[in-house]
Amino acid sequence: MNYNRILQEILDIGVLLKQSGAENFRTEDSLYRMCEAYGFVRSDVHVIPSNIQATIETKDGEIYTQIRHIRKTGFDFNRLDHLNHLCRIVCQTTPSEKELKQMRLAILSEKPQRLLVTTIAALLGGGNFTIFFGGGVLDAILGGALGCIIALGGHYLSKKEDNVFIYNFILAAICQFLILLIVPLYPGSHSESVTVGIVMLLISALTTTNGIRDMLQRDFLAGIQNIFSSILGSAGIACGIAITMMILNGQDRSTSLITSFPLQLGSCTIGCIGFAILFHVRGKALFYNGIGAFFTWVIYALLYYRMHVSGFFSTLLAACFVAAFAYVMARVNKMPSTIFLTATVMPLIPGSNLYYMMYAVTRSDSAMLRSETITLLQTCLAIALGFLVFDAVMRYTTDIHKSSIFAK
């Protein structure tokens with residue numbers, strides 16, 4: 001068996017995992033398990049958002065080191081599910097390097113999600129989050145239409161542009177230009193609600209949350225890279241919108257959530273299903289994502305609005321539910337928990353805060369900058385802590401259960 005080629009295929013699978021949306025620690029865990037399955041005496045794996053490194057030592061004392069650079073990442077949870085299944089097969093059967101390559105290429109050659117499906121998903125996400133942030137029917141129609149523009153424009157722009165700042169800048173500027181031209185024609189419309197609704201399609205606050213989560217797990221390099229990547233993307237959105245508003249004398253900040261609780265639940269549930277489709281989730285997992293998003297907002301809204309619990313603890317407890325829900329769904333459906341985690345947590349993601357933080361920078365508004373930055377960090381920290389608290393509880397209870405079995 002050619003161990004160098006085996007390591008090459010394992011790292012190529014790791015690159016696909018990262019490009020499909022797998023977290024750093026999950027990618028590391030998958031690579032370690034595959035290395036152990038092939039009987040390497042020692043394996044050292046290190047994963048960050050832009051790089052994978054691995055060194056192995058064989059039974060014959062040979063040492064191999066390989067490095068992969070990850071140029072671009074995204075979300076393709078259908079591929080992630082298939083890669084997760086491939087990792088299980090590798091650990092159970094340890095195929096040859098030729099068989100491993102064939103299975104990897106088979107996954108890589110699968111047909112991508114159709115552009116029409118992506119466009120419909122963006123329509124659902126943009127339109128419903130416009131309602132969620134206080135928009136009316138006409139606002140939702142405009143938000144949905146702009147979501148379609150983001151899906152179509154982003155599809156073609158991504159082929160030429162890898163810089164997230166420029167990518168977000170162009171799409172945000174085009175959308176804001178259309179908002180400021182169309183909204184004044186319809187009295188009673190809310191341009192700011194449409195703006196924040198479509199911002200949710202571009203914003204990368206989940207990356208900020210993952211960055212804080214990485215740092216709490218002492219993976220500082222990956223955490224810093226995730227956080228700054230999120231800030232860079234937000235800066236592109238804020239600059240695109242701010243420059244357009246300066247030129248056309250656009251709206252000021254005045255968004256708020258809709259007051260109707262049932263409408264909040266309906267809009268965020270459908271919107272999160274739209275996001276799940278954008279992340280290439282398929283089949284019954286879409287239905288489960290909608291259920292998860294529904295109850296996530298129920299928990300947060302009841303705690304924050306009805307019981308007047310602080311925003312930090314309301315978010316933390318709702319995030320604990322998200323982690324528990326994803327854990328259960330992953331085991332029931334034998335799929336990666338990330339598939340149920342990402343869209344379900346969207347109602348808690350402070351996308352508007354991240355946008356307004358960068359918007360305050362472009363407008364030199366120190367008071368808004370301070371307020372939004374504090375809220376953003378508190379919310380992201382609460383989500384990250386909620387995930388970590390559940391992980392810790394599961395780890396300790398599992399250890400206790402194992403200890404009791406051995407004691408018997």
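Over which residues does pLDDT stay under 50? That happens over residues 400-408, where the model has zero contacts beyond four places in sequence. Here pLDDT is the predictor's confidence in each residue, on a scale from 0 to 100, and a contact means heavy atoms within 4.5 Å. Where pLDDT is low, the predicted coordinates should not be read in detail. The chain as a whole has a mean pLDDT of 86, and 93% of its residues reach 70 or more.

A word on the ground rules. This is a predicted model, in which local features need pLDDT of at least 70 and side-chain atom pairs count only at pLDDT 80 or more, while totals for chains, interfaces and linings use all residues. Residues are numbered from 1 along each chain as its sequence is written, and side-chain values use heavy atoms, with hydrogens and water left out.

For a salt bridge, a side-chain nitrogen of Lys or Arg must be within 4 Å of a carboxyl oxygen of Asp or Glu. Because Arg33 and Asp29 are four residues apart in helix 2, about one helical turn separates them. Arg33 is partly exposed at 48% relative accessible area, and Asp29 is partly exposed at 37%.

Just after helix 2, Gly39 takes a positive phi of about 80°. Next, look at strand 1 (residues 42-48) and strand 2 (residues 51-57), which pair in the antiparallel sense over seven bridges; pairing calls for at least two DSSP bridges between the strands. The two form a hairpin with two residues between them, and Val45 has Ala54 in strand 2 as its bridge partner.

Follow the chain on to Arg71, in the loop between strand 3 (63-69) and helix 3 (77-93). Arg71 counts as exposed because its relative accessibility is 78%. Arg71 and Asn51 are 20 residues apart in sequence, and their C-alpha atoms are 8.5 Å apart in space.

Now back to salt bridges, of which the count comes to seven. Arg104 and Glu9 meet in one of them (2.7 Å, N to O). That pair links distant parts of the chain, with Arg104 in helix 4 (residues 97-108) and Glu9 in helix 1 (residues 3-20), 95 residues apart. Both Arg104 and Glu9 are buried. Asp12 and Arg68 meet in a salt bridge too (2.9 Å, N to O), linking helix 1 to strand 3 across 56 residues. Asp12 and Arg68 are both buried. Put together, Glu9, Asp12, Arg68 and Arg104 are linked in a network of salt bridges.

Definitions and conventions: Buried < 20%, exposed > 50% of the residue type's maximum accessible area, 1.4 Å probe, protein only.
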